[in-house]
Amino acid sequence: MILVITRMKVLSDKRMELSQTITSLSGFIRMEKGCRRCDFCQSMEDDNRLFLLEEWDAQENLMTHLKSDHYRVLRGAMNLLSEPYERIFHTGFHPEGMEEM
């Protein structure tokens with residue numbers, strides 16, 4: 001499993017535009033092969049701080065996504081940010097039997 005967290009700080013007058021773009025893309029991203037989750041969130045403390053949380057089953061599927069048209073549109077939307085985005089990749093595993101604990 002690979003968890004991708006993208007942290008963004010949007011220009012306040014561009015928040016609605018970016019939010020609509022990411023919301024429309026997230027449905028398509030969820031349908032991509034290997035996507036287990038794609039959630040779009042807003043900070044409770046700062047309306048202009050946004051987060052995109054993605055979970056992928058395998059590196060191959062994540063790499064395919066990073067080359068997709070959906071990802072290109074997402075990258076283009078990053079022009080609406082007030083500062084560079086931060087993207088963090090976490091890899092993990094689920095040991096046998098841990099689901100029941």
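Leaving out neighbours up to four places away in sequence, Thr91 touches Met1 and Ile2. Thr91 belongs to strand 4. The model is predicted. The protein holds three helices and four strands. From the N terminus, these elements follow the order β-α-β-β-α-α-β.

**Overall build**

- The C-alpha atoms fill a box of roughly 50 × 30 × 20 Å along the principal axes.
- Of the 101 residues in the protein, 36% are buried.
- The accessible surface comes to about 6,600 Å². Carbon and sulfur atoms account for 52% of that surface.
- Take the contacts between residues at least 6 apart in sequence: 67% of them join residues at least 24 apart.
- The side chains include 13 positive and 17 negative ones. The centres of these two sets lie 6 Å apart.

- The four strands form an open sheet, ordered 2-3-1-4. The pairing is antiparallel.
- Strand 2 (35-42) and strand 4 (86-91) are the edge strands, and each pairs on one side only.
- On average, neighbouring strands of the sheet are turned by 10 degrees against each other, direction ignored.
- In general, the strands of a sheet pair through backbone hydrogen bonds.

**Strand pairings**

- Strand 2 pairs with strand 3 (residues 49-56) over seven bridges, in the antiparallel sense. The two strands form a hairpin, with six residues between them.
- Within this pair, Asp39 stands opposite Leu53 of strand 3.
- Strand 1 and strand 3 run antiparallel and are joined by eight bridges. Here Met8 has Leu50, in strand 3, as its bridge partner.
- Strand 1 is also joined to strand 4 by six bridges, again antiparallel. Thr6 has Arg87, in strand 4, as its bridge partner.

**Helix 1 on the sheet**

- Helix 1 (residues 15-30) lies across strand 1 (2-9), strand 2 and strand 3.
- Helix 1 runs at about 165 degrees to strand 2.

- Cys41 lies in strand 2.
- Beyond its neighbours within four places in sequence, Cys41 is in contact with Arg49, Leu50, Phe51 and Leu53.
- Leu53 is also the residue opposite Asp39, and Leu50 is the bridge partner of Met8.
- Cys41 has a relative accessibility of 30%, so it counts as partly exposed.
- Cys41 and Ser68 are 27 residues apart along the chain, and their C-alpha atoms are separated by 22 Å.

- Glu86 is found in strand 4.
- Glu86 is in contact with Ile5, Thr6 and Arg7, leaving aside its neighbours within four places in sequence. Among these, Thr6 is the bridge partner of Arg87.
- With a relative accessible area of 39%, Glu86 is partly exposed.
- Glu86 and Trp56 are 30 residues apart in sequence. From C-alpha to C-alpha they are 18 Å apart in space.
- Thr91 has a relative accessible area of 67%, so it is exposed.
- Thr91 and His65 are 26 residues apart along the chain, with 16 Å between their C-alpha atoms.

**Helix 2: His65**

- His65 lies in helix 2 (residues 59-66).
- His65 counts as buried because its relative accessibility is 1%, and buried means under 20%.
- Not counting residues up to four places away in sequence, His65 touches Ile29, Glu32, Glu54, Trp56 and Tyr71.

Note on methods: Residues are numbered from 1 along each chain as its sequence is written. This is a predicted model: local features need pLDDT of at least 70, side-chain atom pairs count only at pLDDT 80 or more; totals for chains, interfaces and linings use all residues. Side-chain values use heavy atoms; hydrogens and water are left out. Two strands pair if DSSP finds at least two bridges between them. Axes are lines fitted to C-alpha atoms, for helices over the stretch in contact, and angles run from 0 to 180 degrees between N-to-C directions. Contact means heavy atoms within 4.5 Å. Buried means under 20% relative accessible area, exposed over 50%, partly exposed in between (1.4 Å probe, protein chains only). Accessible areas come from the Shrake-Rupley method with a 1.4 Å probe; for residues, only the protein chains shown count as cover. Lys and Arg count as positive and Asp and Glu as negative; His and the chain ends are not counted. The place of a charge is taken as NZ of Lys, CZ of Arg, CG of Asp or CD of Glu.
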